Amino acid sequence: MLARSALARTVARTSGSRRSMSDAPKMHKYKNCEQLLKETRPPSGHAHLTFNPPYNPVHTTTGILLIMAIGYGTMYAGMRHQQIKQGYWK
């Protein structure tokens with residue numbers, strides 16, 4: 001019992017329950033990097049959309065159909081595998 005409590009104290013003392021040693025506390029403040037952040041922002045009035053229209057209808061249609069075909073194919077492959085594995089399909 002004594003060994004168990006000594007072990008528990010040792011683990012509690014060494015397993016990060018105390019603050020790690022560093023020179024100073026890490027303080028991240030907006031005022032320290034405000035200018036850098038303002039330089040990386042889009043200009044005022046820009047909506048900053050990820051995808052800017054107009055979209056190419058051929059690429060959009062192809063992408064949607066491809067995603068649907070891949071989804072259907074993976075579901076069908078999973079169902080086919082289960083049917084064969086469980087002996088319903090030969």
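Tyr 72 and Tyr 76 share helix H3. They sit 4 residues apart, which is about one turn of the helix. The model is predicted. Its count of aromatic pairs comes to 1. The pair is formed by Tyr 72 and Tyr 76, with ring centres 6.3 Å apart. Their planes meet at 15 degrees, so the pair is stacked. The cut-off behind that word is simple: planes under 30 degrees apart count as stacked.

**The nonpolar patch**

Both tyrosines also belong to a nonpolar patch on the surface. Met 79 is partly exposed, at a relative accessible area of 37%.

**The salt bridge**

Now turn to helix H2, residues 30-40. Which residue forms a salt bridge with Glu 34? The partner is Lys 38, and the closest N and O atoms are 3.0 Å apart. A salt bridge needs these atoms within 4 Å, so the contact qualifies. The count of salt bridges comes to 1. Glu 34 and Lys 38 both lie in helix H2, 4 residues apart, about one turn of the helix. Glu 34 is partly exposed, at 29% relative accessibility. Lys 38 is partly exposed too, with a relative accessible area of 44%.

Here are the accessibility values side by side.

| Residue | Relative accessible area | Class |
|---|---|---|
| Met 79 | 37% | partly exposed |
| Glu 34 | 29% | partly exposed |
| Lys 38 | 44% | partly exposed |

**The whole chain**

What is the secondary structure of the protein chain? It comes to 3 helices and 0 strands. Along the sequence, the pattern reads α-α-α. The chain has 90 residues, and 0% of them count as buried. Its accessible surface comes to about 9000 Å². Carbon and sulfur atoms account for 63% of that surface.

**Confidence**

How confident is the prediction? The protein chain averages a pLDDT of 83. A score of at least 70 is reached by 82% of the residues. Where is confidence lowest, and where is it highest? The lowest is in helix H1, residues 2-14, at a mean of 75. The highest is in H3, at 96. That is the helix that holds Tyr 72 and Tyr 76.

How values were computed:
Residues are numbered from 1 along each chain as its sequence is written. This is a predicted model: local features need pLDDT of at least 70, side-chain atom pairs count only at pLDDT 80 or more; totals for chains, interfaces and linings use all residues. Side-chain values use heavy atoms; hydrogens and water are left out. Patches are made of residues with over 30% relative accessible area and no salt bridge: like charges are joined within 9 Å, nonpolar side chains (Val, Leu, Ile, Met, Phe, Trp, Tyr) within 5 Å. Accessible areas come from the Shrake-Rupley method with a 1.4 Å probe; for residues, only the protein chains shown count as cover. A salt bridge is a side-chain nitrogen of Lys or Arg within 4 Å of a carboxyl oxygen of Asp or Glu. Buried means under 20% relative accessible area, exposed over 50%, partly exposed in between (1.4 Å probe, protein chains only). Rings of Phe, Tyr and Trp (its six-membered ring) pair if their centres lie within 6.5 Å; planes under 30 degrees apart count as stacked, over 60 as edge-to-face and the rest as tilted. Helices (H or I, at least four residues) and strands (E, at least two) are DSSP runs, numbered from the N terminus. pLDDT is the predictor's confidence in each residue, from 0 to 100.
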